[in-house]
Every structure is written in C-alpha cells, then in structure tokens.
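Student: I would like to learn how to read cavities, pockets and helix packing in a protein model. Could we go through one together?
Tutor: Gladly, let us look at it side by side.

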Amino acid sequence: MIAAPVRSFSPSPQQAAFLTALETGDSHLLLSARAGTGKSTTCREGAWSLGRRRSLYCCFNKAIAADFQRDLPRTCRAATMHSLGFRMLKSRSWGVELDADGEKVDAAARVYFPHDHQGRERNVVAQLVSACKNRLIPGDDLEAVDALADELGLEIRADAREIAVGAVEGVLTACVENPHVVDFDDMVWLPVRLGAANPSPPDVLFIDEAQDLNLCQHALIDLINPDGRNVGVGDPWQSIYRFRGADSDSIPRLAYRLDACNSGRGLESFPLTVTRRCPRAVVALANKIVPDLEAAPNAPDGLVETIDAEEWRLAASAGSMILCRTNAPLVRACYALWRRRRPAHIQGRDIGKGLLAFIAARKASSVEDLLAKIDDHQAGERERMAKRRVPNADAIRNLIDKCDCVRALAVDASSIDDIRRRVETMFADADDPNAITLSSIHRSKGLERSHVLILRPDLIPGPWARTEEDRRQERNLAYVAVTRAKQRLTFCGDLPNVFR
C-alpha cells in the first residue's frame, strides 16, 4: 500500500460509510450529496483511501480540475471529460497529429452559407450542431433541430431558416469525415461517434456533478471506464441545466446504467445530507422541497425574513448576493445600485456578449428605433413559436427576458453606444467582496454568501412552467437559490408558495 500522509480529516458517519465501501468493496457507488455537505472533501479523501489503485476524477471544467488536483495522491488525476475524450482521439489517430480548430464547424457551414456577410447564419448552424452533438440528436431529424433553434433562442432570417436547419446533418457528417481536426464539442462527441477506446482506463472513475451530464457525456463514460468501478457524485435536486442540454434524469439514468448494464458489479448508494453551509432556518425552509437536508450539529440559527419588495436597496450591503429567476430585474437593480454609487455587477460575461449580438442584429439607428424593433421582434417570434405543435415554454420565456433586458438597459440611454457601454460594464464574472453580486439562480450554483437576497420571489417557481419536468426544474432552482445563504436569507416580497 502507498502510505498516505497524516491527514486531519475526521469523517462524519455518512462519510465514513461511503469511504469504507469505496476502500473495501468492488461495487459501483452513487454518492448523493446535498448542497454544502462536503462532497469534494469526501471524494478527495476517497482518492487517498484507494492506495495503489489508480483513480480518475472527472470534473465539470478546467478550473475545478486544477483546484481539485492540488491535494490528490499521485495515483489520482483530475481531468475534464473533454480532455479525456481528446486523449482517446489522439490514441486512435495512429500517429497522425490532431489539430484543435474552433473554426471547424464554421468552415463546414460555408458550403451552405459561403459569403463573408453570412457569418450570422453560419453561427446559427454552429450552435445547432453543438447542441445536436451534446444531446445526440441526429441531424436528419429536422423537426427536432428546428425546435432546438427556438429552445436556444437563435435568431435567423425566415428565408434562411430552412437552409440552416437542413445544413446540420451535412455539417455533422463533415465532422465525422474529418476526425483529425477537432473542435471543443468533438472532444466528447467524436469518441462516442467513432467508438474510441481509452488507452489507460482507471481502476476507479469518479464522475463529479453527475446531475449535469448530457446524453453524449453519459455515452463517453462507458468508453472512458468500460470495466472499472464508477463512482457517481451529485445531487438530483440540483439538476437545473436542462435548458443547456443536461439530462434532467441524469442521476437516475447513470444509476440504471451502472446497476443493470455494467459488468455485474451492482450499485450501492450513499447519502450526504448534513450541510455545513446553511444555518438551521435556511435548512428548515429548504426541507419544504428536499426533506432529508440536515443542519450540522453546530450550525447557527440563521435568519430567514421577508421584506417589502422595494426595501432590498437598504438591506443589500457589500458582499451580499442578489438572486433572481430572470435577468431583466437584475439589470434594473444594478442600475439602482449604480445611481447610489454602490459597486455592483451581474454574473455572466457571456450573457452580456449575447445581448450585444442581439442589439447589433436589430441594426437600429437610435434608442427609439431599437425599442420599436425589439417590440416587433418579440411579437413576431412569439407568434411563430405559438404555432408549434408543442410550444416551448423555456424558449418563450428566454425571448421575453432578453427583450426586457434590452428595454431596461435603454432607460435614459442617449444612444446605442451608451447601451453597449452599459452592457460591457455591467456583466462580469468577478468575485469582489467589496461589491454587491447580482446573479440569475442558474449562475449562482457553486457560489455562497453570508447574506443572500431573492429579488422577485413571485417568479419562483416560474409561472411559465407547464410540464412536470419544467416544474421539477423550477423546484430545484428554488432549492439551489436558498442554499446559497450561509447566515441570512431575505425574500424581497412574499415567500414563494413552494416554501409554504
């Protein structure tokens, strides 16, 4: 055995049960870890407990992988699923050098939109291709691809839409036929499409944030570790990313695959339910949605309160985090803070980039012209979406929120350039303890603050949710929102019904 250094970790009974099964057993494991329950610490100690057995910790992104790697034994490596897929492709290339090229899909889309001024149309094709790869949607399913364009909020001229949707199948085929040029999505999709093998599979594969896997990532797991043990780590109550392609049944799907379809090892499930983040008052509230979340024995009482909807300006202070289900109220709140000369920003630099592109696409000559074109665009798109056999509630809500954001940004603006400057200043991915952070609930996952304020609690759950799957995502969002608070949770308005 490799002697582990002396470590100060003292496991809870739940952690000890999981670690014992990991160290002494041979079955697949599922660690169902609620918000703030020490998931990462538990898995890190698990890697140390495996001795000489080689393990691999599959992380959501490079930053998490780099952070996790800092305190792992030499027998464990943290990596992203994309880096693992790329290595599998390199192994399969038989000595031919792979070329990572982010413009691969754009080049293939030029067959359908060859002119330089058609960059926007090629970008639509690229986003559709990306989503089809992640969700394993075949390009020849034109109805599914067309509905995907609405779900993603993609803008394209009516006369180019049919060509763009039809181009997806051809571009996907081109990606397969040119496997030595690889873009970001190809790193996961091509190994699945080509049936690539992992040249050095681990003895134990940890799968972090298992609730956020898309269908392509599920398929890649079978290739990364076809015969070894798999340890799924996540929280089904924190499944909130269906809108960007995550499988809303990811953990049940993973559990089924491991239990019924993988090597006959069987599956053991273990809970982590004691949160070390949230105070007792927040846990009691979250129990309305997640009954098994528990406060730590030494947890403070904390505070859950409701205030008048407009009193948030007085309640928020430096270091607070303001959450909202949609973005437009955050834009208005950020303005209000700026007018009081209080530093504030909204999480989501890519949201800002999307708004800038949306504004540019209107080709407006003035603020008044922009607002008029926004009204026309919203009305036209809603009418088109409503004609679908099954209208997509998320797509309609995203459309309205995007238009409302621009309307809020245009208040008292003197020019289009003035609006652009506001977007560039307002949206940032920063962690400034001296500023007030505003964020959509989706963007807040992974963050925590001593004081969290919920703006527009009437939007929790979203009134646009119609299907049971939609309602489940909304309940999960409510749980994620309240469990960001370490001491004080403030609802700026009435307590949402989901918590009553």
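Student: How many cavities of 30 Å³ or more does the structure hold?
Tutor: Keep in mind that this is a predicted model. The structure holds 1 cavity of 30 Å³ or more. About 100 Å³ of space lies in the largest cavity.

Student: Which residues lie nearest the centre of the largest cavity?
Tutor: Arg242, Arg325, Asp394, Gln473 and Glu474 do, out of 13 lining residues. Two elements, α17 (393-409) and α20 (468-482), each give two or more residues to that lining. The largest share, 4 residues, comes from α20.

Student: How does the lining of the largest cavity divide by class?
Tutor: It has 6 charged, 5 nonpolar and 2 polar residues.

Student: Which element gives the most to the lining of the second largest pocket?
Tutor: That is α7, with 5 residues. At least two residues of the lining come from each of α7 (142-151), α17 and α20. By class, the lining of this pocket has 11 charged, 9 nonpolar and 4 polar residues.

Student: Now for helices. What describes two packed helices?
Tutor: The general idea is to give the angle between their axes and the distance between the axes. Take α15 (residues 349-362) and α18 (residues 416-426) as a case: their axes come within 9 Å and cross at roughly 165°.

Student: Why is α15 described as roughly antiparallel to α18?
Tutor: Angles over 145 degrees count as roughly antiparallel, and the crossing at roughly 165° therefore makes α15 roughly antiparallel to α18. The crossing of α15 past α18 is left-handed.

Student: Which residues make the contact between α15 and α18?
Tutor: From α15 come Gly352, Leu355, Leu356 and Ile359, while α18 brings Ile416, Ile419, Arg420, Val423 and Glu424. Sorted by class, this contact has 6 nonpolar, 1 polar and 2 charged residues.

Student: At what angle do the axes of α8 and α9 cross?
Tutor: The axes of α8 (residues 158-177) and α9 (residues 186-194) cross at roughly 80° and come within 10 Å. The range from 65 to 115 degrees counts as roughly perpendicular, so α8 and α9 are roughly perpendicular to each other. On the α8 side the contact uses Leu172, Cys175 and Val176, and on the α9 side Asp186, Trp189, Leu190, Arg193 and Leu194. This contact has 6 nonpolar and 2 charged residues, with no polar ones.

Student: One more pair, please. Is the crossing of α1 and α2 left-handed or right-handed?
Tutor: The crossing of α1 and α2 is right-handed. The axes of α1 (residues 13-24) and α2 (residues 39-49) come within 9 Å and cross at roughly 30°. Gln15, Phe18, Leu19, Leu22 and Glu23 of α1 meet Thr42, Glu45, Gly46 and Ser49 of α2.

Student: How do the residues of the contact of α1 with α2 divide by class?
Tutor: There are 3 nonpolar, 4 polar and 2 charged residues in that contact.

Notes:
Residues numbered from 1 in each chain as written. Predicted model: local features only at pLDDT ≥ 70, side-chain atom pairs only at ≥ 80, totals over all residues. Heavy atoms only, no water. 1 Å grid on protein atoms, 1.4 Å probe; cavity = no way out; pocket = protein on both sides within 12 Å on 5 of 7 lines; lining within 4 Å. Points joined across faces, edges and corners; volume = space filled by probe spheres on them. Nonpolar A, V, L, I, M, F, W, Y, C, P; charged D, E, K, R; others polar. Axes fitted to C-alpha atoms, helices over the stretch in contact; angles between N-to-C directions. Parallel < 35°, antiparallel > 145°, perpendicular 65-115°, else oblique. Left-handed = near helix turned anticlockwise from the far one by under 90°. Contact = heavy atoms within 4.5 Å.
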